[in-house]
Amino acid sequence: LQDLAPFIGAQPPGENNSQAHVAQPETVIPDVKLNLDRLQTLDADVRFTGVRIVSAGLPLDDFSLHLILNDSLLRLNPLTFGTANGDIKINASINARETPAHLEADMAMTKLSLERLLGGVQKALPATERASGIVRGAARITGKGASLHNML
């Protein structure tokens, strides 16, 4: 996951860059301006699959994405990952042709175990207040902004 940090605006590990900031502990998505000018300098079609995810505290099992960058339009079609005994699939695009950039995303969640998803948070709760069960759902997200945090 540290390798993907620059994609969401976080500082890569070991890099000392005064303009890059790592998310504050209370935030999941950093509120750091994305360098969208980079999207204008190249086109790409990348497929990536990871079968083992090393992350601190996030229950991720596997990961794959198909990233297409063409003329300042970035598409993740799809981004999928296994988590909490289930799956999350996201089809998203960031259109950097507009200012501010425009995000559109469709997300589907299947068979997510609340017990595994909430993991350590639940350990602090009395047994009678712990969540259990399976979560399924879908969401459509649209937004504009200079950072992924603002878009979401």
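Nine bridges join strand S4 to strand S5, and these two strands run antiparallel; strands are DSSP runs of E with at least two residues, helices are DSSP runs of H or I with at least four, and both are numbered from the N terminus. Two strands count as paired if DSSP finds at least two bridges between them. The model is predicted, so local features need pLDDT of at least 70 and side-chain atom pairs count only at pLDDT 80 or more, while totals for chains, interfaces and linings use all residues. Residues are numbered from 1 along each chain as its sequence is written, and side-chain values use heavy atoms, with hydrogens and water left out.

**Overall build**

- The protein has two helices and six strands, and from the N terminus on its elements follow the order β-β-β-β-β-α-β-α.
- Of the 152 residues in the protein, 32% are buried, where buried means under 20% relative accessible area, exposed means over 50%, and partly exposed lies in between (1.4 Å probe, protein chains only).

**The sheet**

- Six strands form an open sheet in the order S1-S2-S3-S4-S5-S6, with antiparallel pairing, and its edge strands are S1 (44-50) and S6, each of which pairs on one side only.
- Strand S3 (residues 73-83) pairs with strand S4 (residues 86-95) in the antiparallel sense over nine bridges, and within this pairing Leu-74 stands opposite Ile-94 in S4.
- S4 and S5 form a hairpin with five residues between them, and Ser-93 has Glu-104 in S5 as its bridge partner.
- Eleven bridges pair S5 with S6 in the antiparallel sense, and the bridge partner of Ala-108 in S6 is Ala-138.

**The nonpolar core**

- The largest nonpolar core has 24 residues, and those with the most contacts inside it are Leu-79, Phe-81, Ile-90 and Met-151; such a core is a set of buried Ala, Val, Leu, Ile, Met, Phe, Trp, Tyr and Cys residues joined through side-chain atoms within 4.5 Å.
- Strand S2 (60-70), S3, S4, strand S5 (101-113) and helix H2 (148-151) each supply at least two residues of this core, and S2 gives the most, with five residues.
- Leaving aside neighbours within four places in sequence, Met-151 is in contact (heavy atoms within 4.5 Å) with residues including Leu-34, Ile-94, Leu-103 and Gly-145.

**Gly-145**

- Gly-145 lies in strand S6 (residues 134-145) and is buried, because its relative accessible area is 7%.
- Although Gly-145 and Ala-101 are 44 residues apart in sequence, they are 5.7 Å apart in space, C-alpha to C-alpha.

**Salt bridges**

- A search of the whole structure finds four salt bridges, each defined as a side-chain nitrogen of Lys or Arg within 4 Å of a carboxyl oxygen of Asp or Glu.
- Arg-97 forms a salt bridge with Asp-71, the closest N and O atoms being 3.9 Å apart; Arg-97 lies in the loop between S4 and S5 and Asp-71 in the loop between S2 and S3, so the pair ties together parts that are 26 residues apart in sequence.
- Glu-104 forms a salt bridge with Arg-140, with the closest N and O atoms 3.2 Å apart, and since Glu-104 lies in S5 and Arg-140 in S6, the pair ties together parts that are 36 residues apart in sequence.
- Asp-106 also forms a salt bridge with Arg-140, the closest N and O atoms being 2.9 Å apart, and salt bridges that share partners join Glu-104, Asp-106 and Arg-140 into one network.
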